[in-house]
Each structure stands twice: as C-alpha cells, then as structure tokens.
Amino acid sequence: MGAQVSKTFTKQVTHVVFKNGHPATWRKAKKREVKLVSVLWVGRCHEEGVLVSEELYPAVDETNPLLKNKKHRCMQPKDSPERTPENDRRMRRKLDKMMKDLVPKRPIVTDVSPIIIDQESGIVYSPGLKRSDYMAQRLKAMKEKRENLSPTGMFNRLKLLHHLRYKPIAAEGFLQCGKCRNVFYKTFVLSSFQPRRTLVMTSMPTEKQNIVMQVVTTLGGFSIVDRVCESTTHVVSCGQRRTVNILLGIARGCWIVSFEWILWCLEQRQWIPEEPYELSDQFPAAQICRLQRHLSAGEHQQDLFQNQPPMFVSQHSQPPTQNLVELIQLCGGTVCKSVRQAGICIGKYNGRRPEGSRVLSEQWVLDSITCLKQLSYQDYILQ
C-alpha cells in the first residue's frame, strides 16, 4: 500500500505494528512518541483504501503488569486474515484433492449448450438457474416487461435463422437447412450456433488463476480472456478493488462474482447459480446493469452519459485513454478527438480549450459508473 517497512527501529520509523512484541520495543516507541497500532489497523486501511486514524486501533500494552490473567497466545483471538488455500496447508491439500478428482478419466462429451436461450424472449441465462422455480418467475416477469419489444426480438431471431440458412418446415419445432436439406430440431440449431462465452479474472493471484483455468477447462462453456469484451458474461474477482475490468463488466452488464463461486462450482462439479456469489454489495450497479442487459433486445447499451456534452479524454489520463474512451462510449457518452469540440475534458489538460468547457478528474467517470448515477461536477473539477 505504498509504505516502507524497516527491519530495524530507525529514526525514520513513524508507526510500530505491535502484537506479542518485545517490551523493549514498546518502551522505545513510547519514548520516541512513535504511533503504536494493532494489526487490525493495517487490515482496515487495506479494506477502506485510505489512511484510517491510528487512534481507532491502538496496540495493547501486553507488558503492563496491571493486565492480570493474561491468556496464552494460543488462547487469544486471532486478528490475522481468514484461512485461505495460500496460508493453510490442510485447506491446500483438500483443494488439491478436489482438483485431482475433478479431472475426468475421459473427455466429457455433451450436446447440451452451456448457454440457454429462452426462444420466446431471447433471454440468456445459465443452466443452473433454469432448474430453479425462482428463475422461472423472474423470466416470466421479464417477458411481461418485454411485450413492447417482442417485434424486435422476433426480427433478431428471423435474422439469425436467415443467416444460418435454415427455414421452418411443416412439422412444428423443426427446421430444414437450405444448403444440405437436412432436417434439424429447432433447439439444436439455436444451441449449436450460440457464441461462446468468455470469462475474465481480475484482482487474482497466480495460484487462484490456475484454479480458475483448470475448472473452466474441465467444465467447459467458457473461454478465458484478459479483458472484458462483447462476448464476456462473467468477471471473477478475488477482492473488492475497483479495476478497469470490473467497470467494463458493469458497463456491459456482466456477472461480477467472487472467487468462491469457482470453488463451489469445483465442489459441485458443474456450473451453479451465480446470484449467491454476486458482488452486489461492493458494486450495486453491477446487478442493475446485468438485469438491463437481460431485458434489452439486441446489443446492450447504457445511457448514463447520454445527455452529457461531448467529452475529450487527455492522453495523460489514468486509467489509459483507450479504457476511459471505451467506458464512456459503453455508457452512452460521446467522445471527440479534438478538445475544441468538447464540453468536458477528462484528465489533466493545460492547453487552450473552448470557453465554458470543464476539466474534470478521471474519477468522475469511474465513480459515476460505480454508482450508476451522473455525479456532480463540483467535487471533480481540476484547476
């Protein structure tokens, strides 16, 4: 998090993270008026992403003789991170055994598509959710809301069939290929030509990336890519950090799920419903955008920046210009290549610009997408 850690107590030390330390270290820190904090202070700073007040997490003076009935270290409550495969050998062995058992003796051959399309409404969802009565009710509600859009949905389906050169025949539920004249069941035709889904990993250490890749390879149904794109349906994250892929996933209406979803899919040896593992508390806009994507007919398009003036993105912006441009356009904004045509300039820009145009921090774009709300310019104006 940007701090320098010293192995010795030098004059440059400003903080001492104290737990079960030597009494001499405590006395030395007190003498030099160095801040003594507990391990919980470091964890809270990491969770909040800011420098939390040290007074909220003071270290306990375990050398004080007034502290009677002091418990042994093994009886004290732990303030260390929770057990994970990285820091717990038993969990690591159990996970390795699960991964070993997951690998099939022979390739799994199935003609069931990993994506299910509701042919009446065009909604795409996972096979695990199809078995749920809850999802059936959700689909019924979505269909009712989509009644006005049914002509568009029908047009898209007819266009797909025309592209595949299939045409209906007298027998209901069957199609005939215009090229080879073979007859196919309609569900087989639609599922055989569905675009392959892609999955993106973010904020994930190498060890967990390997687990995700092994599970995807065995269960199938996904391709793993580095960056969120049109075919991406799932973004798997190991933390709460807001990354570019997280924001792209929100803008495109993808599932934003935790790594625990992968572990439970590994446990069940099949893709399970995502909703219990959706990071909706950390990124509430993700769930809204995902439902909007399901309800939309054709390509999903946000309208968050639709009413904003044209924007110019500085070449020195962070995140990089290309990422910001894509995020703005996915959310309905207009991006111009010349600052003369722009009403808003995103990122530092010291050159001449039209009178009345604003220079805003990149955080305005990122925070607006995170909240799914056009935030006020006032807090993001750059001088």
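Modeller: E47 is exposed, with a relative accessible area of 55%. R44, at 30%, is partly exposed.

Modeller: Some ground rules come next. The model is predicted, so local features need pLDDT of at least 70 and side-chain atom pairs count only at pLDDT 80 or more, while totals for chains, interfaces and linings use all residues. Residues are numbered from 1 along each chain as its sequence is written, and side-chain values use heavy atoms, with hydrogens and water left out.

Biologist: What is the mean pLDDT of the protein?

Modeller: pLDDT is the predictor's confidence in each residue, from 0 to 100. Here the mean is 76, and 68% of the residues reach 70 or more. Over residues 105-132 the value is below 50, yet the model gives this stretch 52 contacts beyond near neighbours in sequence. A contact means heavy atoms within 4.5 Å. Residues 178-194 also stay under 50, with 35 contacts beyond four places in sequence.

Biologist: With which residue does R44 form a salt bridge?

Modeller: Side chains of opposite charge can pair when their charged atoms come close. The criterion is a side-chain nitrogen of Lys or Arg within 4 Å of a carboxyl oxygen of Asp or Glu. R44 pairs in this way with E47, their closest N and O atoms being 3.3 Å apart. R44, E47 and E48 are linked in a network of such bridges. The search of the whole structure finds seven salt bridges.

Biologist: Why are R44 and E47 separated by about one helical turn?

Modeller: An α-helix has 3.6 residues a turn, so residues three or four places apart point the same way. R44 and E47 are three residues apart in helix α2 (residues 39-48), and therefore about one helical turn separates them. Helices (H or I, at least four residues) and strands (E, at least two) are DSSP runs, numbered from the N terminus.

Biologist: Which salt bridges link parts distant in sequence?

Modeller: D367 and R242 form a salt bridge with closest N and O atoms 2.8 Å apart. D367 lies in helix α13 and R242 in the loop between β10 and α9, so the pair ties together parts 125 residues apart in sequence. D367 is buried at 18%, whereas R242 is partly exposed at 29%. Another bridge joins R252 to E326, at 3.2 Å between the closest N and O atoms. This pair links helix α9 with helix α12, 74 residues apart. R252 is buried at 14%, and E326 is buried at 15%.

Biologist: Is helix α9 mostly covered or uncovered?

Modeller: It is mostly covered: eight of the nine residues in α9 (residues 244-252) are buried. Among them are I246, L248 and I250. The elements covering these buried residues include β8 (197-202), β10 (232-237), β11 (255-258) and α11 (284-295). Just after the helix, G253 takes a positive phi of about 75 degrees.

Biologist: Which residues of the largest nonpolar core touch the most other members?

Modeller: In soluble globular proteins, nonpolar side chains tend to be buried together. A nonpolar core is a set of buried Ala, Val, Leu, Ile, Met, Phe, Trp, Tyr and Cys residues joined through side-chain atoms within 4.5 Å. The largest one has 35 residues, of which I250, F305, I346, W364, V365 and I369 touch the most other members. Elements that each supply at least two of its residues include α9, α11, α12 and α13. The core draws at least three residues from each of domain 2 (198-295) and domain 3 (311-371); domain bounds come from an automatic or database domain assignment. Apart from this core lies another, of 22 residues, among them M201, V215, V236 and Y277.

Biologist: Which residues of β11 are buried on each side?

Modeller: In a regular strand the side chains alternate between the two faces of the sheet. In β11, W255 and V257 are buried on one side, and I256 and S258 on the other. β10 and β11 run parallel and are joined by four bridges, where pairing requires at least two DSSP bridges between strands. V236 stands opposite V257.

Note on methods:
Buried means under 20% relative accessible area, exposed over 50%, partly exposed in between (1.4 Å probe, protein chains only).
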